[in-house]
Amino acid sequence: MKPQIPSDGREETPGRQPTARSVGGGSRQMPHRLLHRATFGLLAVLALLALPALASAAKEPKPLPPAETSGGALEQLPGRLGCLSSGKAAKKTCGQGRALKGAGPGVGSRAVAISPDGRNVYVAASGADALAIFDRNPVTGALTQPKGKRGCVAGVVGKAKGEDCGPAIGLVGPNSVAVSPDGRNVYATSRSGSSVTAFHRNRKSGALKQLPQSASGCISGQAIPGCTLGRALKWPDVVVISPDGKNVYVGDFAGSGVISFSRAAGSGALTQLGRTAGCITEAGAEGCAKGVQMNHIEGMAINPSGSAVYAASPFSSAIDILQREPATGALTQAPNANGCITVEAVAGCAQGYQFAGVNALVVSPKGGNVYATSLTSNSVTMFRPTEGGGLAQPARPQGENIPEGLGNPNGCLVYLRAPGCSFGRAMKAPEGLALSPDATNLYVTAFETGAMDVLDRNLQTGAVNQKPGERGCLASSKVGGCASGRATGLTGSVVVSPDGRNVYSTSQESSAVDIFRRIR
């Protein structure tokens, strides 16, 4: 439909030349020659005026829509190689696995980890009270679970009966797992055990053996026989390790805080830092430092230099910025806008947008961009470090005719629709996220849709956009517009192999670990 052009009140008869009114109010027919000359002169003037604009347009080509490229897209390995399960899925589509019940629980977005050498994958299975251990084929990425105690460790009073796993004290409801940078140790948090457990890793076989009590193989907030008593450990939810390997940090959901440990270089034994350096919580109890906007910590990440630890607080809808002292590993929160960023306006914090219910974090290897998934906003958001050590999102558009509250498409990507943000598909209840080693792709797990969402990342701006078409997500056949996947229900955690060849995710619904080939 053509646009309606405003009328000047005069009617134009089809087939007749337009008329020109005289000063006296009469009208006469303009001679054709004069009309042609006037028209030609007018066009010449317009052409001269348009030259600068045309030159400018030639220098600035029009932006193109996102290209449908295959780089970074995922393909699930064929047949039973594409997933391993200890549930019903093993009878139909997946290979048989052990000690995987409840893999990657909803509370805990780092339930799968891979060793720095790429040889082994470890999965925290809360329903089995176990850590499942897998050997990884470096060429295909396929996983094989060793037989016997090499294939899993489980709580000594846990639920993995008959699985023939190695014993682990305090491993009750594990929900997060991490491997040290030197590959010597594996650490896990356990919700029901209020604990963090430490294991020696055999770097040849990948097998795990819990450190002895003398080396604090288990540290718990409960009085568990064989465990060392720790402070502020109520419901540990996430564990991360500093890049230099000197410290281990635990985010506590119910305790609303971050607990700090030093790590022995040889054995990997953990010791909680003394006094207020040992923990920072919203309540400031148990001898901990007092933090702000730390209501229920769920996700954590550390920047590449190890100078800052970021903690996601879903109940505060905030990201807390904790500065790390490299010599001791102690954490401090700045008492101003450099110490926290929130969705709502809060005194003493910076303000951002579209990360209500923030629950998982990851940091880019170069530039230090921080990416977050948020359950309430159904979003992925991007933050940049500031000169003062805080975080800021790309500025919102401003202007007289621009509505308030708009986001910036470089700073937010939202499931279905949000004013000013990029559009996301199959991303309801986003949970885990992981960056590829080359930082060109961001992978996001959506707990409710069970999808693995594939985002392209701009290396210059840090902005992310979902791949168009079916390459933008992989899910069950019930989710429209995505490539088809198997055993993907309640997808929670995701990790990318160090060589960038494979992506692994957990499925709580299928008690499975899913295996994908990454197209490069």
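I looked up Cys340 first: its relative accessibility is 1%, so it counts as buried (buried is under 20% relative accessible area, exposed over 50%, partly exposed in between, with a 1.4 Å probe and protein chains only). Cys349 is buried too, with a relative accessible area of 13%. The two are joined by a disulfide, S to S 1.9 Å (the cut-off is a pair of cysteine sulfur atoms within 2.5 Å). I get a torsion of about -85° around the S-S bond of Cys340 and Cys349, so this disulfide is left-handed.

**Ground rules.** I'm working on a predicted model, where local features need pLDDT of at least 70 and side-chain atom pairs count only at pLDDT 80 or more, while totals for chains, interfaces and linings use all residues. Residues are numbered from 1 along each chain as its sequence is written, and side-chain values use heavy atoms, with hydrogens and water left out.

**Other disulfides.** My search of the whole structure turned up seven disulfides. One of them joins Cys152 to Cys165, S to S 2.0 Å. Cys152 sits in strand 10 (residues 152-155) and Cys165 in the loop between strand 10 and strand 11 (166-168), so the pair ties together parts 13 residues apart in sequence. Strands here are DSSP runs of E, at least two residues, and helices are runs of H or I, at least four, numbered from the N terminus. The Cys152 and Cys165 link is left-handed, with -90° about the S-S bond, and both of its cysteines are buried. I also checked Cys412 and Cys421: they form a disulfide, S to S 2.0 Å, left-handed at -90° about the S-S bond, and both are buried.

**Cores.** Next I went for the nonpolar cores, meaning sets of buried Ala, Val, Leu, Ile, Met, Phe, Trp, Tyr and Cys residues joined through side-chain atoms within 4.5 Å. The largest has 19 residues, and Tyr187, Val248, Val250, Ile259, Phe261 and Leu270 touch the most other members. Strand 14 (195-201), strand 18 (236-241), strand 19 (247-252) and strand 20 (257-263) each give two or more residues to this core. A second, separate core has 17 residues, including Ala308, Ile319, Phe355 and Val363.

I then listed the contacts of Ile259 (heavy atoms within 4.5 Å). Leaving out residues up to four places away in sequence, Ile259 touches Arg231, Ala232, Leu233, Val248, Tyr249, Val250, Asp252, Gln272, Gly278 and Cys279.

**Whole chain.** I count two helices and 44 strands in the protein chain. Of its 520 residues, 53% are buried. Among contacts with a separation of 6 or more, 49% are between residues 24 or more positions apart.
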